[in-house]
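Here's a quick briefing to read alongside the model. Have the sequence and the 3D view open as you go.

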Amino acid sequence: MVYVLNISGQPLMPTENRAKVRILLKSGKARVVKRCPFTIQLMYNTKSYTQEIALGVDSGSKHIGLSATTKDKVLFESDVELRNDIVDLLSARRQNRSARRNRKTRYRRQRFSNRERKDGWLAPSVQNKVDTHLTAIRKIHEILPVSKIIVEVASFDIQKIKNPAISGADYQKGEQMGFWNVREYVLFRDGHECQCCHGRSKDRILNVHHIESRKTGGDAPNNLITLCETCHTGYHKGAVRLPKTIRRGMLFRDAAFMGIMRWAFYDKLKEIYPDVHLTYGYITKNTRIRHALPKDHCVDARCISGHPDAVSDGTVYCQKKVRCHNRQIHKANFIRGGKRKRNQSPYEVMGFRLFDKVQWKGRECFIFGRRSTGRMDLRLLDGTKLNSSVGYKNIHLLEMRKNILIEERRKAVPPTGKPLGFPAKHL
Ligand SMILES: [Zn+2]
């Protein structure tokens, strides 16, 4: 897939006709604006012809799945790895500062009022995740004419469970959806742990068990309990006895905590883009299972976008958010003799920076570490080490570092349409 911009930089529908792209580029009618994902800009006026493109976002705390689809085709699919080092870095900073204050005990006057949390304040680790979501989505809008965005905000719809009038209507439609919703809620409420053996059976498959039969007890949360498959089948065979505390109508603590990040992200998104919709995890899960699709962030995003049967050519863009700065100048511990050691190599070593995308022996990889001698540690985005000591003369620069690194990866697509994941080393 080649992404196309018109003469004024607005995105058009992408093309798969690489031969035509090559001719356009050779004749000077187009120019390359981005290497990865490969994007060209047309240098002549064109009619803008667009189809409806839905962007599904499977947001999470570690990964984001993104999938831009039309009715029958996947146009862009990406898996973004988020930063999870912020909490540790901030607590390390707090310790360093506190240690320093204890050494230098002079009184310093307060400089300004910086102890107040503004409205809408989020913890830095959460804020960074929200920002990364928004950046990733903005970057897709730069290359594709996305018409609507669909976001999964939670795994279940608590309003529907609390208000039986709504879920009652669901059952009248003859849907199983209502149960799927309650099921996700019960799993969440029980902390994704078997309430009989509390994980002692080591069985990771969880079932939701009706304490009284479905006919008499119904699908209310107080008739449901999370059991692992071992305990569940054991109970129905009569081999396992459930603890006496488990009985119908028992009071459960309410699931008070709901992920704040996804809601904050959804609210921000609505401010920026005109057409934003929400969906729930249980609907996604149901769609994925009904269409016999594998579990994967991108596939989930495809289901969220509302086109689970859209055909992918197997290209997935793996992205990784990395820290922009490393502000610690020196190592916290001195070397023997009281020498302070620099915390990092110089910003630029022989013209290369940390996280530059380079080519080495015909392969694209990233600089994950550099030494002042000019020897580099080269890795792929998933952390696969290629070589930890390559001389700078043997590599050449493809792209300068960005805050979100991006790498193209291909998944083989067998004729059944079920993609098989291959490790990156087979490329
Ligand atoms: Zn169990």
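Which protein donors does the zinc ion have? They are C194 (SG), C197 (SG), C228 (SG) and C231 (SG), lying 2.2 to 2.3 Å from the ion. Keep in mind that this is a predicted model, where local features need pLDDT of at least 70, side-chain atom pairs count only at pLDDT 80 or more, and totals for chains, interfaces and linings use all residues. Residues are numbered from 1 along each chain as its sequence is written, and side-chain values use heavy atoms, with hydrogens and water left out.

**The chain overall**

- The protein chain comes to eleven helices and 17 strands; helices (H or I, at least four residues) and strands (E, at least two) are DSSP runs, numbered from the N terminus.
- Along its principal axes, the C-alpha trace spans about 75 × 70 × 45 Å.
- Of the 427 residues in the protein chain, 43% are buried. Buried means under 20% relative accessible area, exposed over 50%, and partly exposed in between (1.4 Å probe, protein chains only).
- Take the contacts between residues at least 6 apart in sequence: 62% of them join residues at least 24 apart. A contact here means heavy atoms within 4.5 Å.

**The zinc site**

- A donor is an N, O or S atom within 2.8 Å of the metal (3.2 Å for Na, K and Ca), and sites may look incomplete because water is not among the atoms.
- The four donor atoms around the zinc ion subtend angles of 100 to 120 degrees, which makes the arrangement tetrahedral. For that label, all angles of four donors must lie between 85 and 135 degrees.
- Along the chain, the donors follow the spacing C-x2-C-x30-C-x2-C.
- C194 sits in the loop between α6 (177-189) and β8 (206-210), while C231 belongs to helix α8 (residues 229-237), so this pair ties together parts that are 37 residues apart in sequence.
- C194 is buried at 2% relative accessibility, C228 at 1% and C231 at 6%.

- How many disulfides turn up in a search of the whole structure? The search finds zero, with a disulfide being a pair of cysteine sulfur atoms within 2.5 Å.
- Take C298: its sulfur is 7.4 Å from the closest cysteine sulfur, in C318, and that's too far for a bond.
- C298 is buried too, at 1% relative accessibility.

- Strand β9 (residues 224-228) is mostly covered, with five of its five residues buried.
- L224, T226 and C228 are on one side of β9, I225 and L227 are on the other, and both faces are covered.
- β8 and β9 pair in the antiparallel sense over five bridges; two strands pair if DSSP finds at least two bridges between them.
- L206 stands opposite C228 in β9.
- R183, in helix α6, is buried with a relative accessible area of 16%.
- Not counting residues up to four places away in sequence, R183 touches L206, V208 and K285.

**A five-stranded sheet**

- Five strands form an open, antiparallel sheet in the order β15-β14-β13-β12-β16.
- β15 (385-391) and β16 (395-399) stand at the edges with a single partner strand each, so one side of each is left without a neighbour in the sheet.
- β14 (residues 375-379) and β15 pair in the antiparallel sense over four bridges, and M376 stands opposite V390 in β15.

Note on methods:
Four donors count as tetrahedral if all angles lie between 85 and 135 degrees; four count as square planar and six as octahedral if opposite donors are over 155 degrees apart and all others between 65 and 115; anything else is irregular.
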